[in-house]
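Work through these exercises with the model open beside you. Try each task before you read its solution.

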Amino acid sequence: MEENSYLKKLQNKWGLKSAFQTIMVLIVFACTGSTVLFIKPFLFEVTGFDSIEGVAGVLLYIVLIFPLYQILILIYGFIFGQFAFFWAWEKKMIHRMTGKNRKQKKSDLSSKS
């Protein structure tokens with residue numbers, strides 16, 4: 001019963017229509033993360049790094065793995081029928097990273113004054 005309430009909380013938080021859709025979204029996250037963990041050692045070997053050590057390793061991780069994750073999540077979202085959710089999720093994340101929402105909110109507040 002407790003698991004069901006957790007799914008309901010996620011469903012409400014993400015604005016999903018059903019528990020099934022919530023489970024599909026969780027599967028997409030799991031598949032994407034697993035794929036990145038599988039591919040990461042190969043990418044680091046190709047670039048000559050053994051692990052994420054030091055500034056260069058972290059930067060390489062950000063440059064290679066972060067965009068790969070974003071692409072894979074859209075691909076898996078499409079495969080599992082959740083592309084629309086993940087496309088909206090990506091756009092929200094980009095807005096948060098660029099500060100576009102904060103700028104928009106500030107301009108909305110100043111226009112109301």
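**Exercise 1. Is Gly-77 buried, partly exposed or exposed, and what does Gly-77 touch?**

Solution. This is a predicted model, so every value below is computed from predicted coordinates.

Step 1. Gly-77 sits in helix H3.

Step 2. Apply the cut-off. Buried means under 20% relative accessible area. Gly-77 has 0% relative accessibility, so Gly-77 counts as buried.

Step 3. List the partners. Setting aside residues up to four places away in sequence, Gly-77 touches Val-28, Gln-82, Phe-83 and Phe-86.

Step 4. Val-25 and Gly-77 are 52 residues apart in sequence. Their C-alpha atoms are 7.5 Å apart in space.

**Exercise 2. Classify Thr-32 as buried or exposed, then find its contacts.**

Solution. 

Step 1. Thr-32 belongs to helix H2.

Step 2. Its relative accessible area is 0%, so Thr-32 is buried.

Step 3. Ignore neighbours within four places in sequence. Thr-32 is then in contact with Tyr-69, Leu-72, Ile-73 and Tyr-76.

**Exercise 3. Which class does Lys-40 fall into, and how far is its C-alpha atom from that of Ile-65?**

Solution. 

Step 1. Lys-40 is also a residue of helix H2.

Step 2. The relative accessibility of Lys-40 is 23%.

Step 3. Lys-40 and Ile-65 are 25 residues apart along the chain. A distance of 7.2 Å separates their C-alpha atoms.

**Exercise 4. Describe how H2 packs on H3.**

Solution. 

Step 1. Know what to report. Two packed helices are described by the angle and the distance between their axes.

Step 2. Read both values. The axes of H2 and H3 cross at roughly 140 degrees and come within 9 Å.

Step 3. Name the arrangement. Over 145 degrees would count as roughly antiparallel. At roughly 140 degrees, H2 is therefore oblique to H3.

Step 4. The H2 and H3 crossing is right-handed.

Step 5. Find the residues. The H2 side includes Val-28, Phe-29, Thr-32, Val-36 and Lys-40. The H3 side includes Leu-60, Ile-65, Leu-72, Ile-73 and Gly-77.

Step 6. Sort them by class. The contact of H2 with H3 holds 16 nonpolar residues, six polar and one charged.

**Exercise 5. Describe how H3 packs on H4.**

Solution. 

Step 1. The angle is about 155 degrees, and the H3 and H4 axes are 7 Å apart.

Step 2. The cut-off for roughly antiparallel is over 145 degrees. H3 and H4 are therefore roughly antiparallel to each other.

Step 3. H3 contributes Phe-66, Tyr-69, Gln-70, Ile-73, Leu-74, Gly-77 and Phe-78. These meet Phe-83, Phe-86, Trp-87, Trp-89, Glu-90, Met-93 and Met-97 in H4.

Step 4. By class, the H3 and H4 contact has eleven nonpolar residues, two polar and one charged.

**Exercise 6. At what angle do H2 and H4 pack, and which residues meet?**

Solution. 

Step 1. H2 and H4 pack at about 65 degrees, with their axes 10 Å apart.

Step 2. Their crossing is right-handed.

Step 3. From H2 come Val-25, Val-28 and Phe-29. From H4 come Phe-85, Phe-86 and Trp-89.

Step 4. The contact of H2 with H4 has six nonpolar residues, no polar and no charged ones.

**Exercise 7. Which residues make up the largest nonpolar core?**

Solution. 

Step 1. The largest nonpolar core has eight residues: Leu-16, Val-25, Val-28, Ile-73, Leu-74, Tyr-76, Phe-85 and Phe-86.

Step 2. Assign elements. Helices H2 (19–47), H3 (54–79) and H4 (83–98) each give two or more residues to this core. H3 gives the most, with three residues.

Step 3. Look for another core. A separate one has five residues, including Val-36, Phe-44, Leu-60 and Leu-72.

Step 4. Beyond neighbours within four places in sequence, Ile-73 contacts Val-28, Phe-29, Thr-32, Phe-86, Trp-89 and Glu-90.

**Exercise 8. How many helices and strands does the protein chain have, and what share of its residues is buried?**

Solution. 

Step 1. The protein chain has five helices and zero strands. From the N terminus, the elements run α-α-α-α-α.

Step 2. The protein chain has 113 residues, and 25% of them count as buried.

Step 3. Take contacts between residues at least 6 apart in sequence. Of these contacts in the protein chain, 42% join residues at least 24 apart.

Conventions: Residues are numbered from 1 along each chain as its sequence is written. This is a predicted model: local features need pLDDT of at least 70, side-chain atom pairs count only at pLDDT 80 or more; totals for chains, interfaces and linings use all residues. Side-chain values use heavy atoms; hydrogens and water are left out. A nonpolar core is a set of buried Ala, Val, Leu, Ile, Met, Phe, Trp, Tyr and Cys residues joined through side-chain atoms within 4.5 Å. Buried means under 20% relative accessible area, exposed over 50%, partly exposed in between (1.4 Å probe, protein chains only). Helices (H or I, at least four residues) and strands (E, at least two) are DSSP runs, numbered from the N terminus. Contact means heavy atoms within 4.5 Å. Axes are lines fitted to C-alpha atoms, for helices over the stretch in contact, and angles run from 0 to 180 degrees between N-to-C directions. Angles under 35 degrees count as roughly parallel, over 145 as roughly antiparallel, 65 to 115 as roughly perpendicular and the rest as oblique. A crossing is left-handed if the near helix is turned anticlockwise from the far one by less than a right angle, and right-handed if clockwise. Ala, Val, Leu, Ile, Met, Phe, Trp, Tyr, Cys and Pro count as nonpolar, Asp, Glu, Lys and Arg as charged, and the others, Gly among them, as polar.
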